[in-house]
Amino acid sequence: METYRNLIDGEWAVADSGKLFDVMNPATDEVLARVPESGPVDVDRAVKAARRAFEGGWRDVTGQERGRILLRLAERMRRELPRLAELETRNSGKPLVESEFDLNDVATCFEYYGGLATKLHGEVLNVPDNALSMAIREPLGVAGQIIPWNYPLLMAAWKLAPAICAGCTMVIKPAEQTPLTLLEFARVFEECGLPKGVVNVLTGFGETGAALVAHGDVDKIAFTGSLEVGKIIMKSAAETLKKVSLELGGKSPNIFFADADFEAAVDGALFGVFINQGEVCSAGSRVLVQRPIYKKMLDAMVEKAKTIKLGDGLDRSTKMGPVVSKEQLERVTRYQEVGKREAKVGVGGGRPKGAGLEKGYFVEPTIFYDVDNHATIAREEIFGPVMAVIPFDDEAEALQIANDTPYGLAAAVWSRDIFKCLRMVRRLQAGIVWVNHMQPTYVEAPWGGYKMSGIGRELGPWGAEEYLQVKQVHINLNEQPIGWY
Ligand code: NAI
Ligand code: MG
């Protein structure tokens with residue numbers, strides 16, 4: 001079994017405490033590897049390395065060179081894809097096909113920001129004076145990046161690529177459950193041209209993340225994870241007035257009008273919440289169905305959900321793997337019990353039985369119906385394969401229910417009436433709105449939430465902007481004194 005080390009200043013380092021912890025395979029409940037449990041001393045070493053790298057040359061590396069490094073990382077990612085996809089599945093539980101899809105997106109993300117690195121620029125402003133006024137963009141400096149476990153390497157890429165593009169250096173902490181693909185990918189950083197210390201990788205629990213947030217020499221924190229931790233990070237970051245960007249999940253409505261294409265609707269509702277075992281920040285976990293098709297659609301979803309094949313993600317016929325950890329299994333099964341008290345069960349509601357499912361952290365794809373939007377299962381993020389089906393009468397009621405949530409990450413609307421769709425698009429309080437689809441995500445398009453789903457945007461030029469700061473430059477073109485005194 002492999003024992004990994006942290007990457008600090010281009011060297012593989014054990015934790016100062018010497019402590020390690022186990023990383024599990026959620027499909028088998030077996031230990032996969034051991035990684036360092038980093039503490040404040042390790043965090044401080046990594047931040048110092050990132051600072052030295054930034055001041056010692058990285059800040060002067062051209063956009064063209066940073067872009068080329070990113071393109072090399074993309075190419076290398078594609079070459080390593082089969083091996084890393086398998087590791088991603090072993091560590092996270094997700095079906096291999098989904099890991100392959102994710103890692104292709106990782107490569108695409110590095111490519112996109114590789115191209116963007118030569119296109120970041122400032123502006124010349126039309127000020128009322130004989131002067132040249134400019135707004136130029138500069139890197140923020142040292143970024144701390146805290147990653148969740150649901151898309152381990154992809155969420156790392158969404159933070160690494162724009163930060164490299166913008167010219168920052170960074171300390172990145174993968175989730176304690178799923179650090180392996182990032183640690184493996186980090187082996188090629190130097191070969192791809194990343195100077196020592198530009199990207200430092202530290203493994204550890206929440207305490208490691210907290211030390212990074214509290215560190216006085218980190219300029220910015222980028223976080224994806226729970227609302228609860230997002231709030232803690234914002235409070236802690238206030239102490240040193242760090243910039244923060246937060247992506248905090250949601251309780252996204254997936255809205256089906258009676259005039260939607262029926263087959264596409266059934267498929268889209270299931271895909272929206274069962275993909276990646278439901279461990280998706282933008283999961284369409286509230287399925288709103290207009291009354292004329294409510295019963296028919298519920299029955300069709302239930303029938304189709306029964307055919308979802310659970311198993312080890314390495315088996316290519318598997319459509320749903322285990323959830324990521326024992327903790328997450330307990331969390332999801334707890335919500336299943338709450339759901340049974342709050343609503344009616346269409347299908348699932350417990351743990352599956354069957355060969356090969358004994359040891360892993362498997363849960364049944366679950367559909368609750370006749371759910372009240374005030375019920376716990378309609379308000380709290382479950383982050384597992386649990387759907388809450390809610391009926392509605394008309395457009396106004398659909399909107400009222402959809403927006404009645406503290407979250408605002410995503411929403412989807414299904415109908416053949418384009419005018420109705422567009423009216424909904426304008427009124428839905430969500431950072432991402434899909435029409436007649438749910439979940440497609442592109443590196444070109446902004447990703448982030450309204451309301452309590454977060455602050456800031458990832459991907460596209462918006463993603464790079466989070467790692468930049470704007471400097472105003474005023475160049476006086478008069479040669480005379482100001483003449484005031
Ligand atoms: P979490 O928010 O505790 O963990 C996410 C990351 O934050 C991990 O790297 C973790 O080590 C780190 N972290 C934890 N406490 C921290 C602290 N005080 N300071 C700095 N970093 C800290 O999420 P957890 O506990 O794994 O999952 C709980 C729930 O969070 C899930 O059921 C789901 O609802 C939500 N979640 C949302 C995600 C999203 O994509 N928006 C991703 C992961 C979880
Ligand atoms: Mg937590």
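Predicted model: local features only at pLDDT ≥ 70, side-chain atom pairs only at ≥ 80, totals over all residues.

Now the neighbours of E8. Strand E9, residues 169-173, pairs with E8 in the parallel sense, over five bridges. Within that pairing, glutamine 145 has isoleucine 172 of E9 as its bridge partner. Together with helix H4, residues 152-166, the strands E8 and E9 make a β-α-β unit, and the unit is right-handed. E8 also pairs with strand E11, residues 220-224, again in the parallel sense, over four bridges. There, isoleucine 146 stands opposite phenylalanine 223.

Next, the aromatic rings. The count comes to nine aromatic pairs. One of them joins tryptophan 149 and phenylalanine 383, edge-to-face, with 5.3 Å centre to centre and 85 degrees between the planes. Why does this pair tie together parts that are 234 residues apart in sequence? Because tryptophan 149 sits in the loop between E8 and H4, while phenylalanine 383 sits in the loop between helix H11 (376-379) and strand E17 (386-392). Both tryptophan 149 and phenylalanine 383 are buried.

A tilted pair is formed by tryptophan 434 and tryptophan 447, at 6.1 Å centre to centre and 50 degrees between the planes. Tryptophan 434 belongs to strand E19, residues 432-435, and tryptophan 447 to the loop between E19 and strand E20 (454-455), 13 residues apart. Tryptophan 434 and tryptophan 447 are buried as well. Ring pairs also link Phe110, Phe185 and Phe189 into a cluster.

Last, the cavities. There are four of 30 Å³ or more. By class, the lining of the largest cavity has eight nonpolar, five polar and three charged residues.

The second largest cavity has a volume of about 70 Å³. Of its 13 lining residues, those nearest the centre are Ala283, Ser285, Glu381, Ile382 and Phe383. Seven residues of this lining are nonpolar, four polar and two charged. Phe383 is the residue that forms the edge-to-face pair with tryptophan 149.

Conventions: Residues numbered from 1 in each chain as written. Chains lettered and ligands numbered in written order. Heavy atoms only, no water. 1 Å grid on protein atoms, 1.4 Å probe; cavity = no way out; pocket = protein on both sides within 12 Å on 5 of 7 lines; lining within 4 Å. Points joined across faces, edges and corners; volume = space filled by probe spheres on them. Nonpolar A, V, L, I, M, F, W, Y, C, P; charged D, E, K, R; others polar. Pairing = 2+ DSSP bridges. Helix = DSSP H or I, 4+ residues; strand = E, 2+ residues; numbered from the N terminus. Right-handed = clockwise from strand over helix to strand, strands pointing away. Phe/Tyr/Trp six-rings, centres within 6.5 Å; stacked < 30°, edge-to-face > 60°. Buried < 20%, exposed > 50% of the residue type's maximum accessible area, 1.4 Å probe, protein only.
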